[in-house]
Amino acid sequence: MSTQRRVTLRIQGTVQGVSYRESARHEALRLGVSGWVRNRSDGSVEATVEGEPGALDDFIRWCHTGPRMARVTDVARTDGGATGEFRTFTVERTS
């Protein structure tokens with residue numbers, strides 16, 4: 001039985017135009033989690049991530065701060081079961 005989990009995050013604040021998505025991709029790859037991150041048209045960033053619970057917790061902690069120029073004001077989280085659909089972590093188009 002897999003211990004993999006899935007989390008969808010909505011990150012708000014000054015998170016666009018500060019390399020948040022690319023920095024999130026680097027952090028996700030470092031931690032060994034998979035999924036995607038994208039800008040949203042409302043100025044927030046959204047990420048869907050799958051991995052081991054400890055690695056997900058580390059990624060979520062990172063998302064609360066982000067890269068140096070980011071100013072995160074809120075991270076909303078929705079948890080679920082992993083689907084195994086992701087092989088790596090990618091930066092997607094704006095939604």
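Q: Which two strands form a hairpin here, and how many residues lie between them?
A: Strands in this account are DSSP runs of E with at least two residues, helices are runs of H or I with at least four residues, and both are numbered from the N terminus. In this predicted model, β2 and β3 form the hairpin, with five residues between them. Look at Gly43 in the turn, which has a positive phi of about 95°.

Q: Before we go on, how should I read the numbering and the model itself?
A: Residues are numbered from 1 along each chain as its sequence is written, and side-chain values use heavy atoms, with hydrogens and water left out. As this is a predicted model, local features need pLDDT of at least 70 and side-chain atom pairs count only at pLDDT 80 or more, while totals for chains, interfaces and linings use all residues.

Q: How many bridges join β2 to β3, and do the strands run parallel or antiparallel?
A: Two strands pair if DSSP finds at least two bridges between them. Six bridges join β2 to β3, and the two run antiparallel. One place to look is Val37, which stands opposite Ala47 in β3.

Q: In what order do the strands form the sheet?
A: The order is β4-β1-β3-β2-β5, in an open sheet of five strands with mixed pairing. β4 (71–81) and β5 (89–91) are at the edges with a single partner strand each, so one side of each has no neighbour in the sheet. From one strand to the next, the twist averages 15°.

Q: What does β1 pair with on its two sides?
A: Strand β1 (residues 5–14) is joined to β4 by 10 bridges, and these strands run antiparallel. Along that pairing, Thr14 has Arg71 as its bridge partner, and Arg10 stands opposite Ala76. β1 also pairs with β3 in the antiparallel sense, over seven bridges. There, Leu9 stands opposite Ala47 and Arg5 has Gly51 as its bridge partner.

Q: Which residues of β3 point one way, and which the other?
A: In a regular strand the side chains alternate between the two faces of the sheet. In β3, Val45, Ala47, Val49 and Gly51 point one way, whereas Glu46, Thr48 and Glu50 point the other way. Seven of the seven residues of β3 are buried; buried means under 20% relative accessible area, exposed over 50%, and partly exposed in between (1.4 Å probe, protein chains only).

Q: Where do the helices lie on the sheet?
A: Contact means heavy atoms within 4.5 Å. For directions, axes are lines fitted to C-alpha atoms, for helices over the stretch in contact, and angles run from 0 to 180 degrees between N-to-C directions. Helix α1 lies across β1, β2, β3, β4 and β5, running at about 175° to β5. Helix α2 (residues 53–63) packs on the sheet too, touching β1, β3, β4 and β5, and its direction makes about 5° with that of β1.

Q: Where does UniProt place the feature "active site"?
A: UniProt positions are given in the numbering used here, feature names are shortened, and annotations may be inferred rather than shown by experiment. An unreviewed UniProt entry places "active site" at Arg21 and Asn39. They span 19 residues in sequence, yet no two of their C-alpha atoms are more than 7.6 Å apart, so they gather at one spot. Arg21 lies in helix α1 (residues 20–31) and is partly exposed, with a relative accessible area of 26%. Asn39 is in strand β2 (residues 34–39) and is buried, at 11% relative accessibility.

Q: What polar contact does the side chain of Asn39 make?
A: A polar contact is a pair of N or O atoms within 3.5 Å; within protein, one must be able to donate a hydrogen and the other to accept it, and residues adjacent in sequence count only if both atoms are side-chain atoms. The side chain of Asn39 makes such a contact with the side chain of Arg21 (3.4 Å).
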